[in-house]
Amino acid sequence: MPENLPDLRRADGVLFDLDGVLTPTAEVHMRAWKAVFDGVFAQWDITPAYTDADYYAYVDGKKRYDGVASLLRSRNVEIPWGDVSDGPEVESVCGIGNRKNAAFAAALRRDGIAPYPGSLALITRLRDEGIPQGVVSSSKNAEEVLAAAGIRDFFTVVVDGRVAERDALASKPAPDMFRAGAVALGVNPDASVAVEDALAGVGSAVAAGFATVVGVDRGAGPEALCQAGATCIVDDLIRLLPSTNTDESMENA
């Protein structure tokens, strides 16, 4: 790990993941996935039981349907892929994914969402410094979440699950989404910064050629993020503000 955190003011641009990086929606996603998979596992007598470790290993950072397929495959379960139009009652990969999305959307409408204070402070500073910012999120709910959190206007580019589906971009950890984000933002990855909390997302940014990948430890663990390719680890984006960019504020992995 480097001795100092990067000075984001020197970057051509900064691309952020959304859930778990800018907003605490990762927690909402986790609860929705658990509710759905607990039901599926009980109905189909699948063992071992679903855990938070499964979320980080098989679901976090991936497009919704890819996460369903990956998790079920970890239990040697294969079901029809189905169609994106499948209702939440359909026993297909798409049906289960849509079931989870319905649970997530209901929670978002009921409870709302706010950005992490440290994340808001950082993107505000970067906006004031004139640094181009974008979002690269596997979620199809990214635009809704950004609007609900009141931070959509900070970002000139949003590459999300809907864009990935439209443009046939492979799910993280493939490089496609971060590469597309850099192109849309008009920046060179090796002179820009990616900020991710998911192992798949870190892998995607590294594969896309980002020389600086900040891993945000919201539960995946610093060692796992480092092994995935993160060049530095923080527990809060407030640590990336220039005024707190010191050895004392760094989380070593």
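Buried residues are those under 20% relative accessible area, exposed ones are over 50%, and partly exposed ones fall in between (1.4 Å probe, protein chains only). By this criterion strand β5 (residues 212-216) is mostly covered, with 4 of its 5 residues buried. Helices (H or I, at least four residues) and strands (E, at least two) are DSSP runs numbered from the N terminus. The model is predicted: local features need pLDDT of at least 70, and side-chain atom pairs count only at pLDDT 80 or more, whereas totals for chains, interfaces and linings use all residues. Residues are numbered from 1 along each chain as its sequence is written, and side-chain values use heavy atoms, with hydrogens and water left out.

**Confidence**

- The mean pLDDT (the predictor's confidence in each residue, from 0 to 100) is 92 for the chain, and 94% of its residues reach 70 or more.
- Over residues 245-253 the pLDDT is below 50, and this stretch has 21 contacts in the model beyond near neighbours in sequence; contact means heavy atoms within 4.5 Å.

**Sheet and strand pairing**

- An open sheet of 6 strands, paired in parallel, has the order β3-β2-β1-β4-β5-β6; two strands pair if DSSP finds at least two bridges between them.
- The edge strands, β3 (157-159) and β6, each pair on one side only.
- Neighbouring strands of this sheet are turned by 20° against each other on average, direction ignored; axes are lines fitted to C-alpha atoms, for helices over the stretch in contact, and angles run from 0 to 180 degrees between N-to-C directions.
- Strand β4 (residues 193-196) runs parallel to β5 and is joined to it by 4 bridges, with G215 in β5 as the bridge partner of E196.
- From β4 the chain passes through helix α9 (residues 199-207) to β5 in a right-handed β-α-β crossover; right-handed means that, with the strands pointing away from the viewer, the path from the first strand over the helix to the second runs clockwise.
- On β6 (residues 232-234), β5 pairs in the parallel sense over 3 bridges; C232 is the bridge partner of V214, and V234 stands opposite V216.
- A right-handed β-α-β unit is also made by β5, helix α10 (residues 222-228) and β6.

**Helices against the sheet**

- Helix α5 (residues 117-129) lies across β1 (14-16) and β2 (133-136), at about 155° to β1.
- Helix α8 (residues 176-185) lies across β1, β2, β3 and β4, at about 160° to β3.
- In α9, the buried residues include A200, V202 and A205, and the buried residues of this helix pack against α8, β4, β5 and α10.
- G209 follows α9 and has a positive phi, near 100°.

**Nonpolar cores**

- A nonpolar core is a set of buried Ala, Val, Leu, Ile, Met, Phe, Trp, Tyr and Cys residues joined through side-chain atoms within 4.5 Å.
- The largest core has 44 residues, of which F37, F41, Y55, L72, I96, F178 and F210 touch the most other members.
- Elements giving two or more residues to this core include α1 (25-44), α4 (93-111), β3, α8 and α9, and α1 supplies the largest share, 7 residues.
- Not counting residues up to four places away in sequence, F37 touches Y50, V59, V68, L71 and I96.
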